Amino acid sequence: MNFPLPEFIAVSAANPWTYVLFGVIGFAFGFTLEMSGFGDSRKLAAQFYFKELTVIKVMFTAIVTAMVLLFGAAGLGILNFSQVWVNPTYLWSGLLGGLIMGVGFIVGGFCPTTSLASASTGKIDGMLFMLGGFVGAFLFGETEQYFTNWYNNAGYYGRVTLDQVFGIPVGVVVLLVVLMALFMFWGSEQLERIIGKKDMSGEPKLRLVGAGTLFVLALVVVFVGSPSLEDKYAKVTFTRTVEEKQVVYKADEMLSNRLVFITPAEAFKARYNQAMNPIYIDVRAEADYNLYHLEGAINIPLDRIVETVPVLLTEPATNSVFILMSNDEIAAVKAWKTLVASGLVNSYILEGGVNNWIAFFGKDDKELQSVEPVTAPADDQLAYIFPAALGSRYESCDPSPIEYEALEFEAKIKLQLKRDKSGGGCG
């Protein structure tokens, strides 16, 4: 089973010790901030004058340490990185926000998190900065409607990481970032010595050991590499309740037991289930999609599924359900394996594919009367000959919820949360 443990996936009162652990982590974080002097605005502001660069050294130490451990665990198969929430990239709004925060950091001497640490020790400047942050957040919420389109679309790249941007292995990115951080640590000390007139002879020698350890671990990450989709798929598990007992299935067992195949009735009803955010993905070729497809279905051909995974991972993890469909089930099964291996475990397959959907909902569709069935369709072939490419303009593409309100089916969809948004640092 991949880390994190199931108890941390959906924290509840059923596992009160998780709250205690989060409290301990928060205490340790605040304690470390104060111990490092991050509650003192003078110390924080001094970094912009190159006199005291403790902030940069501490923050980058935390970043590269977390990065090495994270991707080291992913390379060893302990953790599936696809299950870790990565904030989507909004380049231009991010740059503007960074500029505003940076100026505020220079003028006020705090970032949001350090102002909380300062305020908790009774410092008035920290309290006022924190109050200003609350007021700013309120004003942003009240005015966001006026620039929401730009804010949500300017430079939007989705879930993107440096290895994807530069097209190089994750391990190489880790090594380069560690080398950059080590150079920055060395440069910071030179600036402190020259501009800040700081005597570096008293600095602990243990920091050199830490730097060497980080470098060696980064090399290990490069050597270990990243697990393939096949390796990730082999480790995927699902928990289902059978006769009041929790049973764990492997991905192939879910397929063989038909636990991920949902009927057209359930796929249709999911659209009107307020607890779900169904996303219909049609993995057929564009030609078949243009002939006939479900209303609202997104066409992502099978050979493009891998490249669209980062976009799909930005969907809300708590209730998004991915319903895959092909003409029968063959291509949809291949796409399902890719998605669950990538961490999108709330994925299901339309039973019988689009052919079965047409057979189920197309009986009373007058517009389909001119459509001839194929006598013996081949694998993954559309079982009907359409005279024109009308897409979703057939009545059966979007059945009436009133007419089919009384549909009965065995529910197969079980939401299984695997990742969600998380905060951290000055963000």
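Leaving aside neighbours within four places in sequence, Ser36 is in contact (heavy atoms within 4.5 Å) with Lys43, Thr54 and Val58. The structure is a predicted model, in which local features need pLDDT of at least 70 and side-chain atom pairs count only at pLDDT 80 or more, while totals for chains, interfaces and linings use all residues. Residues are numbered from 1 along each chain as its sequence is written, and side-chain values use heavy atoms, with hydrogens and water left out.

Ser36 belongs to the loop between α2 (16-35) and α3 (41-45), where helices (H or I, at least four residues) and strands (E, at least two) are DSSP runs numbered from the N terminus. With a relative accessibility of 16%, Ser36 counts as buried, a term that means under 20% relative accessible area, as against exposed at over 50% and partly exposed in between (1.4 Å probe, protein chains only). The side chain of Ser36 also reaches the backbone oxygen of Thr32, at 2.8 Å.

Apart from neighbours within four places in sequence, the residues in contact with Ser115 are Phe110, Gly126, Phe129 and Met130.

Strands are said to pair if DSSP finds at least two bridges between them, and β8 pairs in the parallel sense with strand β6 (residues 277-282) over six bridges. To strand β9 (residues 347-350), which runs parallel to it, β8 is joined by three bridges. Phe322 has a place in both pairings, for Ile279 stands opposite Phe322, and in β9 the bridge partner of Phe322 is Ser347.

β8, α17 and β9 make a right-handed β-α-β unit; right-handed here means that, with the strands pointing away from the viewer, the path from the first strand over the helix to the second runs clockwise. Helix α17 (residues 330-341) has 12 residues and should span 16 Å at 1.5 Å a residue, which agrees with the 17 Å between its end C-alpha atoms; the expected span is 1.5 Å times one less than the number of residues. Nine of the 12 residues of α17 are buried, so this helix is largely enclosed by the rest of the structure. Among these buried residues are Trp336, Leu339 and Val340. Just after α17, Gly343 takes a positive phi of about 100°.

Note on methods:
A polar contact is a pair of N or O atoms within 3.5 Å; within protein, one must be able to donate a hydrogen and the other to accept it, and residues adjacent in sequence count only if both atoms are side-chain atoms.
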